[in-house]
Amino acid sequence: MGTAITLDLADDLPPERLRELADQVFAWMREVDARFSTYRADSEVSRFDRGEVLLSEASADLRFVLEACADLWGATDGFFDAYATGRLDPSGFVKGWAAQVASDRLLAAGAANHCVNAGGDVRVRGFSPSGEPWRIGIRHPWDPMATCLVVAGTDLAVATSGVYERGRHVLDPRRGAPAGGLRSVTVVGTDLGVSDAYATAALAMGAAGIGWLDRLPDHTHAVITDDARQFLSTSLPLTD
């Protein structure tokens, strides 16, 4: 889906087991790409959007994603909209969800200490190779070589939606126009698919997204506006 996937396995397991676990993660990500990439005309999501696949014929994963997107549409008052562009594009949920599933599978397989990074949406569990909590840098929205914040923890889902790489690609679904006002939105929770969708929704809301995030239970956030103001949750797990 046009993004890079990186994996850090920090458990003291035999090298062949670590390779096996890594191969399983990347095989899953390739499966997700084949099924959900809107860049591929032959993907299941593209064929479903064209009416070539009926809902009754869809895979369990596609049905789950469609249901999750519908739930998120309701939870965000319509600002997370998989049809905002006029065609089905659930990418704002799928990338985070896929990384979350990969993390869940690693945990179930006995790899309790790991970091899955899907294009800057990050799921960490346990401890880093240094034995310390994982540190996740949030990219500076004007300087690609710098971070503006670093969060740390042992069980975090950190998703960022911004305009600094792809321009104003997130639409305000109510106006049908690119959202404005916010440069970068980071949401921290425990489910990366949900955090990813919430970050996208808040960006679509513009300045109103800051107040919406303030009222969001069980999540923290960091927002940087177009005019370089910064708004942070008081409980955001920051580190130096």
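Reader: How far is the sulfur of C115 from the closest cysteine sulfur, and which residue holds that sulfur?
Author: This is a predicted model in which local features need pLDDT of at least 70 and side-chain atom pairs count only at pLDDT 80 or more, while totals for chains, interfaces and linings use all residues. Residues are numbered from 1 along each chain as its sequence is written, and side-chain values use heavy atoms, with hydrogens and water left out. A disulfide is a pair of cysteine sulfur atoms within 2.5 Å, and the sulfur of C115 is too far from its closest cysteine counterpart for a bond, the distance being 17 Å, to C148.

Reader: Is C115 buried or exposed?
Author: Buried means under 20% relative accessible area, exposed over 50%, and partly exposed in between, with a 1.4 Å probe and protein chains only. C115 has a relative accessible area of 14%, so C115 is buried.

Reader: Where is D77 found, and what is its phi?
Author: Helices (H or I, at least four residues) and strands (E, at least two) are DSSP runs, numbered from the N terminus. D77 is found in the loop between α3 (60–75) and α4 (91–108), and D77 counts as exposed because its relative accessibility is 53%. Although D77 is not a glycine, its phi is positive, at about 55°.

Reader: Which residues is S128 in contact with, leaving aside its neighbours within four places in sequence?
Author: S128 has its place in the loop between β3 (121–125) and β4 (134–139), and it counts as buried at 13% relative accessibility. Contact means heavy atoms within 4.5 Å, and with those neighbours left aside the residues that S128 touches are A10, P133 and W134.

Reader: In the open sheet of 7 strands, which are the edge strands?
Author: Two strands pair if DSSP finds at least two bridges between them. The sheet has antiparallel pairing and the order β1-β2-β3-β6-β9-β10-β11. Each edge strand pairs on one side only, and these strands are β1 (5–9) and β11 (230–232).

Reader: What is the bridge partner of N117 in β3?
Author: Strand β2 (residues 114–118) runs antiparallel to β3 and is joined to it by 5 bridges. The partner of N117 in β3 is V122.
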